[in-house]
Amino acid sequence: MSPIPNNTTRVKKMNRELVRQALKTMKQGTKAMVAQATGLSVATCGSILNELLDAGELLELDMEESSGGRPARVYRYNMNFSYIACIIIKAGVNTHSLTFTVANLAGEPVEEGYLESRRVDAAVIEQLIDQLITKYPHIRAVGIGVPGAVHKGVINLGDIPELVQVPLEALIREKHGVEVIVENDMNSTVYGFYQKQEYDEEKSVAVATFIEGYFPGAGLMVDGHIHRGNTRFAGEISFLPFGITREEQLRRLHDRKTFHPLAAHTVSSLIAVMNPATVALTGSLVQPADLEPIRQECLKYIPEMHMPQLTLLEHPDEDYMYGLITMTLESLSYSLKLVEKRR
């Protein structure tokens with residue numbers, strides 16, 4: 001195939017995405033306003049706006065008043081043109097849970113729900129997705145957050161054995177023809193936490209979780225980007241060389257006398273490698289009163305000038321879902337797909 005048509009097609013798709021993003025940011029605008037925001041010609045913008053209007057992606061508002069000449073048409077992006085479905089899967093001692101949100105293209109919830117199951121496997125997840133897509137046939141992307149390491153859409157290490165080595169992403173994509181991302185829970189959480197801060201410049205931050213009954217994990221943002229590592233193993237902090245067995249590590253984490261030194265060892269390792277601006281701690285094993293003892297333990301290894309802000313993430317589930325929704329919406333953006341796929 002000749003590269004010229006291919007490049008032309010890419011340019012057209014990129015231009016359409018520029019127009020979409022411009023209108024989403026502006027809320028509403030005229031053809032001239034969109035051209036100014038995108039840097040595209042007025043003629044190109046007019047053609048794209050007409051295509052999007054015919055497809056139902058745009059809404060046409062009342063004409064803009066003009067001091068002379070023909071009044072300009074005003075457009076607004078239709079945030080309910082399509083939807084996404086995001087599912088958070090959590091491992092429990094006796095039962096597992098699935099928390100889901102169907103959201104529009106602005107990330108606004110259309111429906112939220114929660115269910116529990118003693119067993120969570122691919123069939124349980126597919127059944128839920130089937131129900132959501134039947135009810136909302138315009139769902140174009142599905143995001144799934146899981147407690148485990150994910151590589152190329154497959155969980156290779158996780159807290160729910162029935163999901164390990166299952167090609168979940170491919171199964172759902174092939175069945176429904178939608179965009180699918182399967183993401184580690186801590187990556188989604190740190191991404192949501194980071195996005196909510198609205199930093200003026202790119203920062204490095206980490207979120208570490210210590211949950212009763214499970215090994216700790218972390219989500220890492222390095223210079224404004226999620227750090228996943230070569231095989232998406234980054235953040236599996238329970239595998240740090242503590243010099244003790246994993247069984248002993250779990251025991252010490254659940255003993256209040258030994259929790260602070262072990263947690264501080266973990267945090268100090270993150271600081272030495274990442275030099276983050278903030279480390280947020282969360283999980284049922286972490287209490288507000290633990291922050292200062294952990295900080296003091298860290299200062300035994302880390303010079304104070306390099307100590308990050310140590311904070312408690314009080315509502316991690318909100319950051320988790322916010323991050324997963326944001327990632328899933330980004331998976332629909334053609335421009336981002338050309339640069340980086342989140343897998």
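1. In this predicted model, the crossing of helix H8 past helix H9 is right-handed. H8 spans residues 256-274 and H9 spans residues 291-298. Their axes lie 8 Å apart and the two helices pack at an angle of about 60 degrees, which makes H8 oblique to H9.

2. The contact between these two helices involves several residues from each. From H8 come Phe-259, His-260, Pro-261, Ala-263, Ala-264, Val-267 and Ser-268; they meet Pro-293, Ile-294, Glu-297 and Cys-298 of H9. As background, an α-helix has 3.6 residues a turn, so residues three or four places apart point the same way.

3. Helix H10 covers residues 316-330, 15 residues in total. From first to last C-alpha H10 reaches 21 Å, close to the 21 Å expected at 1.5 Å a residue.

4. H10 is largely enclosed by the rest of the structure, because 11 of its 15 residues are buried. Taking under 20% relative accessible area as buried, the residues concerned are Asp-319, Tyr-320, Met-321, Gly-323, Leu-324, Ile-325, Thr-326, Met-327, Thr-328, Leu-329 and Glu-330.

5. There is also an open sheet of five strands, with mixed pairing and the order E13-E12-E11-E14-E15. Strand E13 (225-226) and strand E15 (309-312) are the edge strands, each pairing on one side only.

Conventions. Residues are numbered from 1 along each chain as its sequence is written. This is a predicted model: local features need pLDDT of at least 70, side-chain atom pairs count only at pLDDT 80 or more; totals for chains, interfaces and linings use all residues. Side-chain values use heavy atoms; hydrogens and water are left out. Two strands pair if DSSP finds at least two bridges between them. Helices (H or I, at least four residues) and strands (E, at least two) are DSSP runs, numbered from the N terminus. The expected span of a helix is 1.5 Å times one less than its number of residues. Buried means under 20% relative accessible area, exposed over 50%, partly exposed in between (1.4 Å probe, protein chains only). Axes are lines fitted to C-alpha atoms, for helices over the stretch in contact, and angles run from 0 to 180 degrees between N-to-C directions. Angles under 35 degrees count as roughly parallel, over 145 as roughly antiparallel, 65 to 115 as roughly perpendicular and the rest as oblique. A crossing is left-handed if the near helix is turned anticlockwise from the far one by less than a right angle, and right-handed if clockwise. Contact means heavy atoms within 4.5 Å.
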